[in-house]
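This report describes how the parts of one model are arranged, beginning with the relation between copies and ending with a single residue. Please keep the sequence and the structure in view while reading.

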Amino acid sequence: MAFIDRGNGLNFQGAHILSINQFEKQDVTRVFDVADQMQPYALRKKVTRVLEGAILGNMFFEASTRTRVSFGSAFNLLGGEVRETAGFESSALVKGESLQDTARVLSGFSDVICMRHPDEGSVAEFATASRVPVMNGGDGANEHPTQALLDLYTIRKELAATGRDIDGLTIAMVGDLRHGRTVHSLCKLLCLYDNVKVVLVSPKELLLPAELIEAMRSSGIAVQTSEDLAPSIADVDIVYSTRIQEERFGSKQEADLYRGRFRLNQAIYTEFCQPNTVIMHPLPRDSRADANELDNDLNNNPNLAIFRQTDNGVLVRMALFALVLGVVDTVDKYSHDIRWFNARA
Amino acid sequence: MAFIDRGNGLNFQGAHILSINQFEKQDVTRVFDVADQMQPYALRKKVTRVLEGAILGNMFFEASTRTRVSFGSAFNLLGGEVRETAGFESSALVKGESLQDTARVLSGFSDVICMRHPDEGSVAEFATASRVPVMNGGDGANEHPTQALLDLYTIRKELAATGRDIDGLTIAMVGDLRHGRTVHSLCKLLCLYDNVKVVLVSPKELLLPAELIEAMRSSGIAVQTSEDLAPSIADVDIVYSTRIQEERFGSKQEADLYRGRFRLNQAIYTEFCQPNTVIMHPLPRDSRADANELDNDLNNNPNLAIFRQTDNGVLVRMALFALVLGVVDTVDKYSHDIRWFNARA
Amino acid sequence: MAFIDRGNGLNFQGAHILSINQFEKQDVTRVFDVADQMQPYALRKKVTRVLEGAILGNMFFEASTRTRVSFGSAFNLLGGEVRETAGFESSALVKGESLQDTARVLSGFSDVICMRHPDEGSVAEFATASRVPVMNGGDGANEHPTQALLDLYTIRKELAATGRDIDGLTIAMVGDLRHGRTVHSLCKLLCLYDNVKVVLVSPKELLLPAELIEAMRSSGIAVQTSEDLAPSIADVDIVYSTRIQEERFGSKQEADLYRGRFRLNQAIYTEFCQPNTVIMHPLPRDSRADANELDNDLNNNPNLAIFRQTDNGVLVRMALFALVLGVVDTVDKYSHDIRWFNARA
């Protein structure tokens, strides 16, 4: 199931990207190296037309502006076109059409499909009948592999700035660890690396599932758990914060008990964190005053990497498209300088 | 009203495509020949940029993922851009704007418009005020000309594989023949051909409208009617199955009376059909167990043409765009090889 | 805040377009001159690829087919790609995400953003955190600067046809002047010009806000008010009509009192207007019989400019994109002839 065939070279071409379980360490490294290669295009130093004439079917059967636009822009940045659905027209599915029928039809309209769907397993089922590669843009509580990859890619880049590596990483994961799809996927990816330490900071009700803790320990990760933020983030490279929805608690009293205990702000950061500790979050971040997340007073902290995460998402998605469509080595061949004023430069 | 001017050559350029009544036999042949020519582009053997810079206004004032995306992809495959509306923003129409005003405005934004609208006659009314060619993507129960054309194009291709032709065709149409817009349009198109036999298989309540039967007979088609599927499909080239919605029957008892009598599965096919009988359906197909349609056990039957129909839809729509915008002879001139790994090949 | 730096040349590059208050007279003139230059591309005489590879983020957090498609088509006409949201997926905003966070994320996906949002001031707030130029596509009752610019551009073009100019203009504004965002913005723009006369024709309840009247008078505009259409339009260059929604009146009796008094039709035009008086409207126009607006019997009047207004909107938006992205001088360099049959020519 791994992408890189140890016998005869790279093997991403034509593959579906459905689950992070498909990735071995060298596959991840390959994606990240290609993502690095995409940087000049994402930063608008250059334009490539390598996918000129190719069509992405961006099929979001559940609304998600940022993930949908990120996939679409990544494809445009490689020179391709995007046809899409934004979550409100699943009429054929409502009329009893099977996912396989939908896949057989839609895969006649494009060269690669990105799909989001509210049902777990739906994207994999869809892929069985698709004639073109399918990328999982999120299937309910199950998988969102590009989010996990962009998170780990961000970790790699942030640590590289100070000479560190994913091997040897210490990371605190904070918030609702029970329901957070992105945290679960990131934990699985971390199992591929050596000398990793994970500190799980959450209310008792919102612990990481036991089988995930077990899987991490089996793969050699040192796992600690905690109910208190401040002492848990003293010696970590990364604080990965997630949303806690109030309604996850058993009662208002229960919620009040934890109120503010998982919220990171600049004062706590200054008092407890190392100077280079990187702050991450899968976004969106709840900016309302009573949210249990990241305070806006962190916005000027140079280690706040939350927007670099979404920027990196474009690079990782470009890399996956380039690998699956086999254009990694020809991206530069079909490139030219940009012709407009680049406000971002 | 026919597209081909017998005096001085082809005459599709700049025409609206509103109704299959506009088509004479040689017009249909012309569209199908051009559709054949589009095959290398749809199969991703080549890329054409002939419509580079052209804009399709894909105005779906009623949701329809597959038809909308099929039109959009067809335009992209010719090198053009697509701007669109997906059915949820008809605010201006709600504020009392006339269809003519809408047309006058929207036709300033694109080079050709495809329009779907829930009201019968709306697309033709819109076209009267449009400054660019308009294609009917479906106007309520009235017309859906590209569906009828893709159905007949599929018939032509499927029969050609065994040396047969549309002239001389025997076809069984099955299901709700009273309300099925696609069946009505296909019947009209068949009137253009010679030695055609049509077997109409439906419950009494859901007979094909009498005036359509009359029109077919007047044009020389041999028409039979039946309430039983099995004996009716013994000697036909094509079985064209359509959805029967339970609520079309007068009562639950009435529906029960017919249950399963119009459902085609592999066992019935094997027992009653000729070996090369082609199975068609306008899709979506209801795959739930109690649906009165095509069984999933037909999926491995090589004569199941239902997904080739939707693939052919892209070819027919490409052909119509190429004809209306006058680029049939220059499509190849602006082409180049594809630059990515074609998973479909 | 003005766009043209008197010291060292043009200064639109990389600027946000948020409010007509940003424009001085020479800025407006510059936009209009560039809009004139865009004409061959909008009329499909030529195709330009100058923005090939550039991405517009067309973020409509409130539905608006015509404005959204106008911006998107303008960008396509310059060779760029469009990624968009059409008003139904503001899920992240609902989850408490700040506009600054949204801006920081979305500005990573495109080279320029056009945004519509129901809240006043939202687009300006969004712009503070965006890393790419932002254009205001309408923020509630506050601003819609491209509409005001296209209206004034239309006035310039219509008057130029008979040798007149914006300086010296006499214009009647008719209808709901209290709530009409487009009228307010146009009034502000007119303050930049000399020898302008404005006749305000509205029910007492729907007068133009006093501070706007005051601002016009301070800048030298001669302002009159009236409750009667016919005598007010005898000596004007332009009649700018707007919608009066019945529910704006205090009561049905009040509405009945004014019924028909602000509706312009051909008979009134012939009796009261000068032969070259130009008729404008921001559209959509309510074409139902009891609407207080422009009658359909004006449709053949050559001075009805309402559809030229929306056509001009594409030119003005192309001009703004070209100015902000710094491609005014290179649009022609990357152009070629169109390759398809131009039905509009």
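## Relation between the copies

The copies use different surfaces, since 6% of the contact residues of chain B recur in chain C; two residues are taken to be in contact if their C-beta atoms, placed from the backbone, lie within 7 Å.

This is a predicted model, in which local features need pLDDT of at least 70 and side-chain atom pairs count only at pLDDT 80 or more, while totals for chains, interfaces and linings use all residues. Residues are numbered from 1 along each chain as its sequence is written, and chains are lettered from A and ligands numbered from 1 in the order in which they are written.

## Contact between chains C and A

In this interface, 37 residues of chain C are in contact with 30 residues of chain A. On the side of chain C that touches chain A, at least two residues each come from β2 (55-60), β3 (81-86), α3 (91-94) and α4 (99-106) of chain C, with helices (H or I, at least four residues) and strands (E, at least two) being DSSP runs numbered from the N terminus.

That side of chain C comprises 15 nonpolar, 12 polar and 10 charged residues. Here Ala, Val, Leu, Ile, Met, Phe, Trp, Tyr, Cys and Pro count as nonpolar, Asp, Glu, Lys and Arg as charged, and the others, Gly among them, as polar.

## Two domains in chain A

Chain A is divided into domain 1 (20-143 + 311-337) and domain 2 (146-307), with bounds that come from an automatic or database domain assignment. The C-alpha centres of these two domains of chain A lie 27 Å apart, and their contact takes 16 residues from domain 1 and 15 residues from domain 2.

On the domain 1 side of this contact, α1 (25-42) and α12 (306-324) of chain A are the elements that give two or more residues, and the largest share, six residues, comes from α12(A). The residues on that side divide into eight nonpolar, three polar and five charged.

## The surroundings of A:Y153

A:Y153 lies in helix α6 (residues 145-160) of chain A. A:Y153 counts as buried because it has 24 C-beta neighbours inside 10 Å, the cut-off for buried being 20 or more other C-beta atoms within 10 Å of the residue's own.

Leaving aside residues up to four places away in sequence, A:Y153 touches A:F32, A:A35, A:N312 and A:V316. A:T29 is 124 residues from A:Y153 in sequence, yet the two are 9.1 Å apart in space, C-alpha to C-alpha.

Note on methods:
A residue is buried if 20 or more other C-beta atoms lie within 10 Å of its own, exposed if 12 or fewer, and partly exposed in between; C-beta atoms are placed from the backbone.
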